[in-house]
Amino acid sequence: MADDAVVGVTAEPVADALRKVVAALPAGEQRPGQVAMAEAVAAAIESEEHLIVQAGTGTGKSQAYLVPAILSGAHVVVATATKALQEQLVHRDLPFLREHLGVPFRFALLKGRSNYLCRAALADTVGISGQTSMLADAVDPDRLSRVVEWSATTSTGDRSDLPFMLSDTEWGRLSVGVGECPGAAKCAYGDVCFAEDARDAAATAEVVVVNTHLYGIHVATRRGVLPDHEVLIVDEAHALEDVAADTMGVTVGPSRLDALAKAMRGLFTPDHPVAAKVEAAGTRLRSVLDMLEGRVEPADGDLGVALVGCAQVAGEAAAAARAVDAAGDAATRKERLLQIATNIAVDIAVLSEVDERRVVWVERGGVPSLRMAPVDVGEVLAERLLCRDGDGDDQGERGGSRNPTVVLTSATLAVGGSFEPIAHRLGLDRAGRPWRGLDVGSPFDYEQQALLYCAAHLPEPRAAGYEAAMLDELAALVQAAGGRTLALFTSRRAMQAAAVHLRSLDLPWPLLVQDELPRPVLQARFVDEEDSVLLATMGFWQGFDAPGRTCSLVVIDRLPFSRPDDPLAEARRAAATRAKQNAFAAVDLPAAAVLLAQGAGRLVRTATDHGVVAVLDKRLATASYRWTLVRSLPPMRRTKDIEEVKAFLSGLD
C-alpha cells in the first residue's frame with residue numbers, strides 16, 4: 001500500500017472487483033446503484049474531489065465505498081455514527097474483503113480513549129480499595145478483582161471486550177478521557193497503555209474505523225488524534241453536523257470540578273484545603289446554573305463570577321501539584337491533575353471570548369452544564385478539513401500534510417432532491433475544492449412495498465384538540481396493523497400520553513415503551529414478538545433496525561422541527577437572517593426533512609418488507625413547503641384515506 005500518496009485505482013476496474021466480491025457473498029446480487037457508487041468513489045479518490053452519495057437502504061454502500069478505497073492504495077479512515085455499523089465493518093465487511101478482494105491490507109478499529117482501561121486509574125483504585133474514598137467506593141470489590149484479572153489477559157483493554165458488566169460510574173473510575181490523560185510520555189504506564197496500543201495499530205493500518213465523534217475531536221484538535229490519511233469516508237453522514245458542533249465546542253460544568261477535586265484527593269490527603277475550594281467552586285457553579293435556562297452570556301452576572309472562581313481554583317490546584325516532587329504512580333496522578341486543571345482553565349477562557357459565531361447555553365439533564373458550540377460548523381470544517389491543504393497551524397506542525405478527500409454517504413442527505421443544503425451546512429461550498437453529489441437510489445420497490453399516509457383530517461398540531469385526535473388515530477392504526485407498530489414521537493411527553501391512552505384500551509398486543517426497559521431489550525423484544533407495539537422518541541428515529549413483519553407500520557406524531565427555543569437552532573436562524581436568508585428554509589426545513597426521512601426509513605429494511613408510514617401531521621399535505629419534505633422521502637405511494645391504509649395493512653396478512 002502507498003505510504004505517502006494515493007496511487008490510484010488498480011488496473012482491474014472497480015466494477016469487476018465489486019462483481020467478484022458480491023459473487024462470493026451468500027445470495028450475492030449485483031446492484032446497479034452499488035456499482036454506480038463504487039465507480040463514483042473511485043473517481044473522487046483519483047481526482048481528489050469531494051463526493052456526497054445518497055444511497056438508499058439495501059444498496060450495499062459499505063462494499064461500494066470499501067472496495068474502491070482499498071484498491072486505490074490510499075490510507076483510509078471510515079467514520080460511522082453508530083456502534084452497530086462499526087462492528088459490522090470490523091467483524092464482517094473488512095475481514096470478508098481481505099479474504100476475497102485479492103489485495104492485502106491491514107485494518108484497525110480505534111475508539112476514544114475513555115473506551116479503554118487505564119492501567120494508571122486501575123492501580124490508583126486498587127491501591128486505595130481498602131480505604132474510604134470517593135474513588136474506591138464506586139467500584140464493587142469483587143468486580144474490581146475481576147477487572148484486575150481481566151487486565152492481565154486482555155489484548156485490547158476495550159470495555160466492549162469485558163466479559164461482565166460494569167456501570168458507567170464504575171468504568172469511569174477505571175478509564176480516563178482525552179482531557180484527563182497526561183500522555184504516554186508522562187505516565188508510569190505509558191509503555192503498556194491499551195489506548196496507545198490501539199493508536200499504534202491504527203498508525204500501521206491502511207483502513208481505520210472510528211466513530212464520527214472521535215473524528216470530530218481529531219478535527220477540533222487540528223489533526224491531533226488520528227494518523228495521516230488521504231481519504232475520509234463518513235458513513236451515516238446526516239449526523240455529521242450535530243457531531244461536529246458537539247466536538248468543536250466546549251462543556252464546563254460542576255462534574256469537571258468534581259473530577260478535579262477527586263484528582264486532588266488522589267495526590268494529596270482528602271482534607272487538602274485546595275480540594276475543598278475546588279469542590280466549593282463546583283457547588284457554587286451548579287447553584288448558578290440551576291437558576292439559568294437557555295442561552296446565556298458567560299461573562300455576565302453571577303455566572304461570570306462563578307466561572308472566574310472556577311478558573312482561579314483550577315490555577316491553585318495546578319500550582320499545588322507543581323510543588324509536589326512525585327515519582328512513579330504519584331507522578332502520573334500529578335500529571336493527570338495538571339491536565340484536568342489546565343483544560344478547565346483553557347475552556348473557561350474560551351467561554352469568555354464568545355461572539356456571534358458561537359452560542360452558549362445551559363444544558364439540562366442530570367447535572368447542569370454550560371455548553372458552547374460553533375453556530376456554523378461548515379466554516380470550521382471548510383478551513384480545517386475540506387480545503388485543498390491543511391490550515392496554517394497544520395502546515396507548520398505537520399510538514400505540509402494535506403487534507404483528505406472526503407466521501408459523505410447516507411440514505412438521507414438530499415433535501416427536496418438537492419444536495420446544496422447539506423453541502424452548505426458542512427462547508428463543502430466554501431472549501432475552494434470541487435465536490436459533486438450523486439443519488440444512486442435504492443434497490444427496493446417502494447411503490448409496491450410502502451404506502452405513505454398523511455392524516456390530513458386531524459387538527460393542526462398546535463390546536464387544542466390535536467393530541468386527543470392524534471391518539472385516537474394512532475389507536476385506529478395500531479388496531480388495523482394488528483400491533484406490529486413502531487411509533488415515533490417528537491417529545492417524551494407525547495410518547496407517555498400515547499402509552500397511557502393505548503394501555504387504557506386494553507389492546508391484546510405487547511406494548512413496549514422507551515425508558516421502561518433498556519434499549520437492547522426493547523429492540524430484541526420488538527423483533528422477537530412480532531405483534532408488539534414500540535413507542536419511542538428521538539433515539540429510535542435513526543440507527544434502529546427491525547426488518548420483517550414486526551415493523552409493518554411506522555407512525556410519526558408530527559413533523560420533527562426543532563423547538564423554537566432550541567439554543568443552537570435559534571442561533572443558526574439568527575445567522576441565516578443576518579446573511580439575508582430565509583431562516584426557516586435555511587435551517588429548520590432541511591433538518592426536519594432529513595430527520596423525517598430517517599424516521600420513515602425504519603419501515604423498509606429488506607426487499608421483502610411491506611408496510612405503511614403514517615404521519616399524523618396535516619402540514620405534510622397542506623403546508624407550502626410540503627413538497628420539499630415529500631421529495632426527501634423514499635418514493636412511496638401516497639394517500640390521505642385511512643380506509644386505503646387499512647386495506648393495505650390487511651393485505652399484508
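Colleague: Axes here are lines fitted to C-alpha atoms, for helices over the stretch in contact, and angles run from 0 to 180 degrees between N-to-C directions. On those terms, within what distance do the axes of H13 and H14 come, and at what angle do they cross?

Modeller: This is a predicted model. In it, the H13 and H14 axes come within 9 Å and cross at roughly 155°. Over 145 degrees counts as roughly antiparallel, so H13 and H14 are roughly antiparallel to each other.

Colleague: Which hand is the crossing of H13 and H14, left or right?

Modeller: The crossing of H13 and H14 is left-handed.

Colleague: Which residues make the contact?

Modeller: On H13, Leu307, Cys310, Ala311, Ala314, Ala317, Ala318, Ala321 and Arg322. H14 brings Lys334, Leu337, Leu338, Ala341, Ile344, Ile348 and Leu351. By class, the H13 contact with H14 has 13 nonpolar residues, no polar ones and 2 charged.

Colleague: Over to H11. Where is H11, and within what distance of H14 does its axis come?

Modeller: H11 covers residues 254-267, and H14 covers residues 329-351. The two axes come within 9 Å and cross at roughly 155°. That makes H11 roughly antiparallel to H14. H11 passes H14 in a left-handed crossing.

Colleague: Which residues are on each side there?

Modeller: From H11, the contact uses Arg256, Leu257, Ala259, Leu260, Ala263, Met264, Gly266 and Leu267. From H14, it uses Ala330, Arg333, Lys334, Leu337, Ile340, Ala341, Asn343, Ile344 and Asp347.

Colleague: How many of those are nonpolar, polar or charged?

Modeller: The H11 contact with H14 has 11 nonpolar, 2 polar and 4 charged residues.

Colleague: And H11 against H13, parallel or antiparallel?

Modeller: Their axes come within 11 Å and cross at roughly 20°. Angles under 35 degrees count as roughly parallel, so H11 and H13 are roughly parallel to each other. Their crossing is left-handed.

Colleague: What meets what between H11 and H13?

Modeller: Leu257, Leu260, Met264 and Leu267 of H11 meet Cys310, Val313, Ala314, Ala317 and Ala321 of H13. By class, the H11 contact with H13 has 9 nonpolar residues, with no polar and no charged ones.

Colleague: New topic: H22. How many residues does H22 have, and what distance does it reach?

Modeller: H22 runs over residues 567-578, 12 residues in all. From first C-alpha to last, H22 reaches 17 Å, close to the 16 Å expected at 1.5 Å a residue.

Colleague: Which of its residues are buried, and what covers the buried residues of H22?

Modeller: Buried in H22 are Pro567, Leu568, Ala569, Ala571, Arg572, Arg573 and Ala576. The cover includes helices H10 (240-247) and H23 (583-600). It also includes strands E7 (294-295), E8 (358-363) and E9 (369-374).

Colleague: What is the phi of lysine 580, which follows H22?

Modeller: Positive, near 60°.

Colleague: What about phi at arginine 222 and glutamate 236?

Modeller: Arginine 222 has a positive phi near 55°, and it is not a glycine. It sits in the loop between helix H9 (212-220) and strand E5 (231-235). Glutamate 236, also not a glycine, has a positive phi of about 55°. Glutamate 236 is in the loop between E5 and H10.

Colleague: Is glutamate 236 buried or exposed?

Modeller: Buried, at 15% relative accessibility; the buried cut-off is under 20%. Arginine 222 is partly exposed, at 25%.

Colleague: Where does serine 175 lie, and what does serine 175 touch?

Modeller: Serine 175 is in the loop between helix H7 (168-174) and helix H8 (194-203). It is buried, with a relative accessible area of 7%. Not counting residues up to four places away in sequence, serine 175 touches Ser114, Tyr116, Cys118 and Ala121.

Colleague: Last one. Which helix holds histidine 424?

Modeller: Histidine 424 is in H17, residues 420-425. It counts as partly exposed, at 34% relative accessibility. Leaving aside neighbours within four places in sequence, histidine 424 contacts Gly378, Asp429 and Arg430.

Key
Residues are numbered from 1 along each chain as its sequence is written. This is a predicted model: local features need pLDDT of at least 70, side-chain atom pairs count only at pLDDT 80 or more; totals for chains, interfaces and linings use all residues. Side-chain values use heavy atoms; hydrogens and water are left out. Helices (H or I, at least four residues) and strands (E, at least two) are DSSP runs, numbered from the N terminus. Angles under 35 degrees count as roughly parallel, over 145 as roughly antiparallel, 65 to 115 as roughly perpendicular and the rest as oblique. A crossing is left-handed if the near helix is turned anticlockwise from the far one by less than a right angle, and right-handed if clockwise. Contact means heavy atoms within 4.5 Å. Ala, Val, Leu, Ile, Met, Phe, Trp, Tyr, Cys and Pro count as nonpolar, Asp, Glu, Lys and Arg as charged, and the others, Gly among them, as polar. The expected span of a helix is 1.5 Å times one less than its number of residues. Buried means under 20% relative accessible area, exposed over 50%, partly exposed in between (1.4 Å probe, protein chains only).
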